[in-house]
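User: Hey, can you walk me through this one? I'd like to start with the ligand and then look at a helix.
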Amino acid sequence: MKINELTIEQKLRLICGKDCWNTCDFDGKIPSVKTTDASMGIRMPVDPEKWTDGDKPSVAYPSLQMLCNTWDTDMARTYAECVADDCLDAGADVVLGPGVNIKRDPLCGRSFEYLSEDPFLAGVMAREYVKGMQSEGAGACVKHFCCNNAELNRFQQSSDVDERTLREIYYKPFEIALQAKPVSVMSSYNRINGVYGSEYKKGYDVLRNEYGFDGLIMSDWDAVRDRTSAAKAGLDLEMPYSENNYEKLVQDYNDGKITEKEIDVLAERVLDVVERCKQMQKGKKRKHTLAERIAFTQTVEREGIVLLKNNGVLPLEKGQSLSMCGWFARPCAYNRKRPELVCGGGSGKVERLTPMFDMLEIMKREHGSDIAYEPAFSDDGVDGAFMNAGKAVENAAVSDVNIVFAGTGAYKESEGGDRPTMNNGIAQTRTILDTASVNPNTVVVLFAGAPIDMSEWIDKVAAVVYAGFPGENGGDAIADVLTGKVNPCGKLSETFPVRYEDSPAAKSRNDSKVTRYEEGLLVGYRYFDTCGILPQFPFGHGLSYAKFEYADIRSESDGNTLDITFDVKNASKIDGKEISQVYVRALSSYVTRPYKELKGFAKTFVRAGTTERVKVTLDKNAFEYWSTAKDRWDIEDGAYEILVGASAQDIRLKAKVKMIGSRFFIGI
Ligand code: BGC
């Protein structure tokens, strides 16, 4: 149907949604688009008319932050293909994700739904996700535009951010993700410099005029205060349908406050997205069977697990006796509430398809020994209900290796609220400390979607495995890493500060109305680097059972792009994958720059005892910054350092290049 075939009433209805999830179809006259949450699997309500009736089970994938910890663009595409298959199987057309908001604040309740603190990494992973999803025929919706970086008072709060920071940090993942031409973008609840996300014309203009976005801008759910103002700002679709807002819009139209011409632009975009979704689905067969999708959850988790600390206790040796404790190992056996809550909560939560895994059973099978287990603490972990913690200590004292399964889960990490603290509470902390005091070979496995304050116990334990929220078969992946069947290779996509107060966001968390992003560009490692503050675990950190050595950095250029090549040697007896990071540091800038910024990365499989030559190509925009003097991107002439690291704090190689007249020169 063409826009001129619609009546004005139909146009007004079209831009307001039909119900909770669908666009208007005028009793079947045009197809409608069905949206569904979210990016880590599908959350299809049992009763499509209601929000609260529970959700239909669907494949639960490891949380998005775990996908990002893989630093694997192929994996991002496959992950999204699988979610697209689930989406189409469920009869939906558009997946409400991926979430690309920058992880500015470690307490953010939705950290597990977001990709990274770094705009380049978040953008690249989101771009590949969108490509994968749409290649399978489901539409993507990149969200939440913009500066929805915490949940505290999210419906009102205003993020106070300067223009350069918006461009370089908070818009950037959207800019990169939009290269994959997602069918839609979702606006945010919060205000940006005082203006609601659903009325953020200035930002929408950037998406349209500068990033070339011609898809649909839809509201977050119930985020529209005034449909007419939102429409005039360029918000195409309000979701879900709100009778009050619709009636007010009709009234405003009748009063001449908004014209049919203005409505046409928005309604046409809704028609476009309906058409585009139907076209994308044409002739599409599912690429991955359900069994393959479930099996894939183990693959992602294997690559996303981050071995944070290891004094050599891991991998476990055959024949070692084990003790295990912690509710998170056996939520099925000891659930006081619901066993499947080893995940994040809110709209990103997926009702898993298979029963929650049991780490005790898995470890008995994989490690092949009898294992003593005690829950030690309860699922919410803070109520002090030490569930026979004394027995856990007794077990630990007589085992070769003791493993504590701790974490956060959906009670602590969920949309609509932030965590009050980065600390996991007295019950978990005591269990870790008490068992570690009788068994120095204590390993902590963490199920969480965000950084944890480990300062009380990190020096007392032998190893820490960050398992995130692992999805369906994630338990097997954790066992794979513990037993050494798989060599861990994930690296952190966000900094883990020692304590929350070290984070730049801590200073501005004092007002529920305005959040001043006073750190500006210095988000995540940019802050820790530039201000010389040591984190607990830096951005990009992750250990392997192998040992990698870097050598022989070279740079080559035709003037327009810059090839950085270097050797990665696996100086160990075990095959492994290494994620190498390429940072750029401006040495002679006339404007303030963060100490260094990630501009490229590579993940390389290196067989034991061999060396691989790795190549990362940078183009000029890896060197640009947003000039507030010129109101555009600018590249300064001068010297730059290229830093190649195994993490943001573990720089192995350096090279220098010069930019003259916006051309690269090397060998200075
Ligand atoms: C969330 C969105 C989600 C939407 C639909 C909102 O509350 O912020 O991320 O897609 O609900 O459930």
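User: How far is Tyr-189 from the ligand?
Analyst: This is a predicted model, and in it an N or O atom in the Tyr-189 side chain sits 2.7 Å from an oxygen atom of the ligand.

User: And how much of the ligand does the protein bury?
Analyst: The protein buries 97% of the 310 Å² that the ligand exposes when taken alone.

User: OK, which residues come nearest to the ligand?
Analyst: There are 14 residues around the ligand, and the nearest are Asp-37, His-144, Tyr-189, Asp-220 and Glu-415. The side chain of Asp-37 has an N or O atom 2.4 Å from a ligand oxygen. For His-144, a polar side-chain atom lies 2.7 Å from an oxygen atom of the ligand.

User: Switching topic: is helix α15 buried or exposed?
Analyst: Buried: 10 of the 10 residues in α15 (residues 474-483) are, so the helix is largely enclosed by the rest of the structure. Among them are Asp-476, Ile-478, Asp-480 and Leu-482.

User: What covers the buried residues of α15?
Analyst: The cover includes two helices, α11 (290-304) and α12 (359-367). Strands β14 (401-407), β15 (442-447) and β16 (463-466) are also part of it.

Notes:
Residues numbered from 1 in each chain as written. Predicted model: local features only at pLDDT ≥ 70, side-chain atom pairs only at ≥ 80, totals over all residues. Heavy atoms only, no water. Near = heavy atom within 4 Å. Polar contact = N/O pair within 3.5 Å; in protein donor to acceptor, adjacent residues only side chain to side chain. Areas by Shrake-Rupley, 256 points an atom, 1.4 Å probe, with all protein chains shown as cover. Buried < 20%, exposed > 50% of the residue type's maximum accessible area, 1.4 Å probe, protein only. Helix = DSSP H or I, 4+ residues; strand = E, 2+ residues; numbered from the N terminus. Contact = heavy atoms within 4.5 Å.
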